[in-house]
Amino acid sequence: MSTEATPRWRRLEPDERREQIFACAIRLFGERPYTAVSTTDIARAAGVARGLINHYFGTKRELYLDVVRAMVTIPSSATTKLPTGSLQDRVNASVDWFLDSVARHGKTWIAAIGAEGVGQDPDVDRILTEADETAADRVLEAVGLADISEHREELRAMIRAYGGMVKTAVREWITRGTLTRDDVHLLLTKTLYTLVRDAFPEIGAAKGSEE
């Protein structure tokens, strides 16, 4: 039997090392306020020299902005594997995907949407606003309305309003524990289904009668 010591680390490719650092930053920014996390803390958690943080991400603020963007932006790939069945199937699947995604980094997601510790930062505000707009488009794709043109902006506005409720519901689940994941799933699916099936057609009809 060999007595050679097992290496304590292995050499990682640059992309793997970057992802390792990023994963540690996500975790730490979820555990502590922005001001209580240093690049030294992140480097120590990732087992790398602090200089690598600057090499891959720049400053701590730039790294934090990357974390916020990753937490709040729904990627285009999110809707590609959703079912193409009934509206109810689409709504259930899209809410499931979202809650699964949030659950992986719940505390960091909450910190990101609240921009915890950063204050009124225009870059954070811009990221959050862009994420809300992207989310509206992703929801339209998820429920089969990606190509809708008539009263599209009204529908997107309704979805953005729904997004505000989504954030509050997730806080009740992740932060306060007053709602379970199942509770939140029920609330979000029922609301989105009703919004698309009933509320939007009524608003469209009302707009049409005014023209």
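Modeller: Contact means heavy atoms within 4.5 Å. This is a predicted model, where local features need pLDDT of at least 70, side-chain atom pairs count only at 80 or more, and totals for chains, interfaces and linings use all residues. Numbering starts from 1 along each chain as its sequence is written, and side-chain values use heavy atoms, without hydrogens or water.

Colleague: What about contacts between residues at least 6 apart in sequence, what share of them joins residues at least 24 apart?

Modeller: That share is 68% for this chain.

Colleague: Let's pick a residue. Where does Phe29 sit, and is it buried or exposed?

Modeller: Phe29 belongs to helix α1, and its relative accessibility is 3%, so it counts as buried.

Colleague: Which residues does Phe29 touch, leaving out those up to four places away in sequence?

Modeller: Phe29 touches Tyr34, Val37, Ile42, Lys60, Leu63, Tyr64, Val67, Thr108 and Ala111. There is also a C-alpha to C-alpha separation of 9.5 Å between Phe29 and Trp109, which lie 80 residues apart in sequence.

Colleague: Thr108 and Ala111 turn up there. At what angle do the axes of α1 and α6 cross?

Modeller: Helix α1 (residues 14–31) and helix α6 (residues 106–114) cross at roughly 70°, and their axes come within 7 Å. The two are therefore roughly perpendicular to each other.

Colleague: Which residues make that contact?

Modeller: From α1 you have Ile26, Arg27, Phe29 and Gly30, and from α6 you have Lys107, Thr108 and Ala111.

Colleague: Back to Val37, then. Where does it lie?

Modeller: In the loop between α1 and α2. Val37 has a relative accessibility of 1%, so it counts as buried.

Colleague: Which contacts does Val37 have once its neighbours within four places in sequence are left aside?

Modeller: Val37 is in contact with Leu28, Phe29, Arg32, Ile42 and Lys60. Its C-alpha atom is also separated by 10.0 Å from that of Tyr64, 27 residues apart along the chain.

Colleague: Now Asp41. Which helix is that in, and is the residue buried or exposed?

Modeller: Asp41 is part of helix α2 (residues 39–46). With 17% relative accessibility, Asp41 counts as buried.

Colleague: What does Asp41 touch, not counting residues up to four places away in sequence?

Modeller: Leu28, Arg32 and Ala36. Val37 is also in contact with Leu28 and Arg32.

Colleague: Changing topic: what is the phi of His151?

Modeller: The phi of His151 is positive, about 60°, although the residue is not a glycine. Most residues other than glycine have a negative phi.

Colleague: Where is His151 placed, and is it buried or exposed?

Modeller: His151 is in the loop between α7 and α8. The residue is buried, at a relative accessible area of 13%.

Definitions and conventions. Axes are lines fitted to C-alpha atoms, for helices over the stretch in contact, and angles run from 0 to 180 degrees between N-to-C directions. Helices (H or I, at least four residues) and strands (E, at least two) are DSSP runs, numbered from the N terminus. Angles under 35 degrees count as roughly parallel, over 145 as roughly antiparallel, 65 to 115 as roughly perpendicular and the rest as oblique. Buried means under 20% relative accessible area, exposed over 50%, partly exposed in between (1.4 Å probe, protein chains only).
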